[in-house]
Amino acid sequence: MTKEEVAKYIDHTLLAPQAGIREIVLLCQEAKRYGFASVCVNPVYVSAAAEELAGSDVKVCTVVGFPLGATTSKDKASESVHAIENGADEIDMVINIGAAKDGRFTEVETDIVDVVKACREAGEKAGKKIIVKTILETCLLDDHAIVNACLCAKKAGADFVKTSTGFANPKGIDGQPLPNGASELHVKLMRETVGPDMGVKASGGIRSARTLLAMIEAGANRIGTSSGVKILEGWDN
């Protein structure tokens with residue numbers, strides 16, 4: 001793959017709570033320079049990102065119900081609409097993780113449906129197709145829950161399933177931290193579940209070209225990373 005082809009996989013991401021406007025502007029400038037698919041920013045910076053990226057091919061992505069997924073469906077839908085009104089092109093929503101762990105998949109699907117419906121309606125008013133990605137937080141779910149959450153997202157009409165927020169804090173029985181980002185096994189499972197026509201986004205812990213390529217090989221067709229510039233600067237066409 002060429003550097004230009006790889007860039008189109010990347011959502012250039014900055015979701016750190018301490019990020020300021022200067023960092024967001026720089027993020028957008030980098031995204032235009034390298035030709036990334038989108039920038040992914042917190043909702044408060046959607047307007048600034050949309051203004052900075054106006055006239056470019058780079059999309060504005062933002063997060064909803066982030067990072068816990070524990071807000072109500074109504075709140076997630078409302079947050080999505082406001083983001084779209086402010087210029088967002090893509091919405092990455094966190095599912096109801098607790099419901100998925102409990103096996104309450106009807107609630108998981110309903111949560112996603114409400115956001116997808118709100119995004120479709122707001123997108124129609126804005127004159128554009130809004131891409132909806134559903135964040136599963138795979139490090140907190142077993143394979144059964146991952147499969148069923150993927151099926152919920154597919155039935156609800158979402159465009160992508162996504163692995164992680166990068167903000168989860170799983171621990172083992174010994175109290176030691178466990179990996180909280182994307183894994184090849186989970187990406188492969190998600191791709192096998194949703195089939196070839198739905199998007200799979202791998203995010204969390206993708207900091208090298210080797211890891212990025214492994215995720216693409218496993219089935220991801222979008223990559224969320226804050227290391228996009230570093231990856232491309234070291235890329236060998």
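Colleague: In what order do the strands close into a barrel, and is the pairing parallel or antiparallel?

Modeller: This is a predicted model. Its eight strands close into a barrel in the order E1-E2-E3-E4-E5-E6-E7-E8, with parallel pairing. On average, and ignoring direction, neighbouring strands of the sheet are turned by 25° against each other.

Colleague: Which strands does helix H3 touch?

Modeller: Helix H3, residues 46-53, packs on the sheet and touches strand E2 (38-41) and strand E3 (59-64). The direction of H3 makes about 170° with that of E3.

Colleague: Let us turn to E5. How many bridges join E4 to E5?

Modeller: Five bridges join strand E4, residues 90-94, to E5, and the two run parallel. Within this pairing, Glu90 stands opposite Ile131 in E5.

Colleague: And how many join E5 to E6?

Modeller: Three bridges connect E5 (residues 131-135) with E6 (residues 160-162), again in parallel. Thr134 has Val161 as its bridge partner in E6, and Ile135 stands opposite Lys162.

Colleague: Which way do the side chains of E5 point?

Modeller: Ile131, Lys133 and Ile135 point one way from the strand, whereas Val132 and Thr134 point the other way. In a regular strand, side chains alternate between the two faces of the sheet. Five of the five residues of E5 are buried.

Colleague: What does Lys133 lie over?

Modeller: Lys133 lies over the face of Phe160, at 5.9 Å from the ring centre.

Colleague: Now Arg222. Where is it, and is it buried or exposed?

Modeller: Arg222 lies in strand E8, which spans residues 222-225. Its relative accessibility is 10%, which is under 20%, so Arg222 counts as buried.

Colleague: Which side chains make polar contacts with the side chain of Arg222?

Modeller: The side chain of Arg222 makes a polar contact with that of Asp11 at 2.6 Å, and another with that of Glu90 at 3.0 Å. Glu90 is the residue that stands opposite Ile131 in E5.

Colleague: What else does Arg222 touch?

Modeller: Leaving aside residues up to four places away in sequence, Arg222 touches residues including Tyr9, Ala37, Ser38, Lys133, Phe160 and Val200.

Colleague: A change of topic: how many aromatic pairs does a search of the whole structure find?

Modeller: The search finds two. In one of them, the ring centres of Tyr34 and Phe36 are 5.8 Å apart and the planes are at 20°, under the 30 degrees required, so the pair is stacked. Tyr34 and Phe36 are both buried.

Colleague: What is the geometry of the pair formed by Phe66 and Phe167?

Modeller: Phe66 and Phe167 form an edge-to-face pair, with 5.2 Å from centre to centre and 80° between the planes. The pair links distant parts of the chain, 101 residues apart: Phe66 is in the loop between E3 and helix H4 (73-85), and Phe167 is in the loop between E6 and helix H8 (184-194).

Colleague: Why is Phe167 classed as partly exposed?

Modeller: The relative accessible area of Phe167 is 41%, between the 20% and 50% limits, and Phe167 is therefore partly exposed.

Colleague: Finally, where is Gly181 found, and what does it touch?

Modeller: Gly181 is found in the loop between E6 and H8. With a relative accessible area of 12%, Gly181 is buried. Leaving out residues up to four places away in sequence, Gly181 touches Thr138, Ser164, Ser203 and Gly204.

Conventions:
Residues are numbered from 1 along each chain as its sequence is written. This is a predicted model: local features need pLDDT of at least 70, side-chain atom pairs count only at pLDDT 80 or more; totals for chains, interfaces and linings use all residues. Side-chain values use heavy atoms; hydrogens and water are left out. Two strands pair if DSSP finds at least two bridges between them. Helices (H or I, at least four residues) and strands (E, at least two) are DSSP runs, numbered from the N terminus. Axes are lines fitted to C-alpha atoms, for helices over the stretch in contact, and angles run from 0 to 180 degrees between N-to-C directions. Contact means heavy atoms within 4.5 Å. Buried means under 20% relative accessible area, exposed over 50%, partly exposed in between (1.4 Å probe, protein chains only). A polar contact is a pair of N or O atoms within 3.5 Å; within protein, one must be able to donate a hydrogen and the other to accept it, and residues adjacent in sequence count only if both atoms are side-chain atoms. Rings of Phe, Tyr and Trp (its six-membered ring) pair if their centres lie within 6.5 Å; planes under 30 degrees apart count as stacked, over 60 as edge-to-face and the rest as tilted. A charge sits over a ring if NZ of Lys or CZ of Arg is within 6 Å of the ring centre and within 35 degrees of the ring normal.
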